[in-house]
Amino acid sequence: MNIYVVQAGDTVQSIGGAFGLSPEEIIYLNQLAYPYGLALGQALLLPTPGINSGSIFQRQFFSFGYAYPFIDEQVLQETLPYLSALAVFSYGFSAEGELVPPQLPDEPLVEAALAVNVRPILTLTPFGPDGNFNNYLVSAVLNDLAARQRLFRELLAVVQLKGYLGVDVDFEYVLPEDRQAFSAFVQELADLLHSQGLTVSVALAPKTYAEQPGLLYEGQDYAALGAAADYVLLMTYEWGYTYSEPMPIAPLNWVRRVLAYAVQEIPPAKINLGIPNYAYDWTLPYVKGESRARTLGVVEAMQQAVEVGAEIFFDETAQTPYYNYWQNGQEHQVWFEDVRSLAARFQLINEFGLRGGGWWQLMRLFRAGWRLLAGSFYIDKIL
């Protein structure tokens, strides 16, 4: 694979001619929209004609991502070949430990995953009635033996009935006083599921040191959770988020700091790096407490740059692309991911010897990203 950055005067036809590719190959791989215009600075993934080099890093990669039951069937079918596991988002629970299923049936996702040798994983989240993470629910179950035992029983019954092969615990904003109880919860769940040949994973906030303050971090003990779980996901994204000032979603310099700490507490072979599969579009000037970014897909963000005539720049420190544009008298700034930023993450995963990567989320297709993954690693497809 080649990563080519569009220069002034380039067209799909001229790039194809320079690299011995048909325009159709470039259009399909990069999901270009008719009439197939390009943005200055846009990164394209180009296959190398006649070469099948296998894997750049010559090693296996555990690839998983989160999907809601309402994922488009075509997106799911095209994505599954690049996954080791599919995390279905999500099951909730009550303060009494009653398991709450997703609003739509999840069986089609489980069946589709198993059909192509991908592990279906049940994601467990403490969502309250407002649809947000609720640390009261976490605290209630962690500190109530009867509720905890009921939740474990119902989890085991559902995974066995539906064919799930593991549970991913995504508890965010765990209270500091529940830190030890949370680690014990994951260990108890792991003991139960391991007895049935099933796995347990945990999603972790991106800490850079053990006693980092903040509600995202204080309730999570990296060492204890890493020891209890089969693997973890570092949620290394959302530095730039819906209500933040415009900035990279997952700046690689900050991601590196998280990894430098994480590998001190958890074996690298258990760690998966979180990878964002989305973009944010902010209006300028940013007003704290008022501004709200709009979420886009990666491909959508690049197509928007083409439509508004924006030049795409690349922040070398953050290893992230961005652009500015004007619309209706309002300036905008967009930060997103492309094959350059994804290649930098793959290099970091290989450098630290991590297990693999986890995508939030899979609802929008980024075909070039998946093809880049397949050209960089051998995807672990062992159930």
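**Close-up 1. Phe127 and its aromatic partner Phe133 in the predicted model.** Phe127 is partly exposed because its relative accessible area is 27%, where partly exposed lies between buried (under 20%) and exposed (over 50%), with a 1.4 Å probe and protein chains only. Phe133 is likewise partly exposed, at 23%. Local features need pLDDT of at least 70, side-chain atom pairs count only at pLDDT 80 or more, and totals for chains, interfaces and linings use all residues of this predicted model. Residues are numbered from 1 along each chain as its sequence is written, and side-chain values use heavy atoms, without hydrogens and water.

**Close-up 2. Aromatic pairs.** Rings of Phe, Tyr and Trp (its six-membered ring) pair if their centres lie within 6.5 Å; planes under 30 degrees apart are stacked, over 60 edge-to-face and the rest tilted. By this rule there are 34 aromatic pairs. Phe64 and Tyr66 pair edge-to-face, with centres 5.7 Å apart and planes at 65 degrees. Phe64 is buried, at 2% relative accessible area, and Tyr66 is buried at 2%. Phe127 and Phe133 also form an edge-to-face pair, at 4.8 Å and 70 degrees. One aromatic cluster includes Phe62, Phe64, Tyr66, Phe127, Phe133 and Trp360.

**Close-up 3. Arginine charges over rings.** The charged end of Arg355 sits over the ring of Phe62, 4.1 Å from its centre; a charge sits over a ring if NZ of Lys or CZ of Arg is within 6 Å of the ring centre and within 35 degrees of the ring normal. Arg367 places its charged end over the ring of Tyr28, 3.9 Å from the ring centre.
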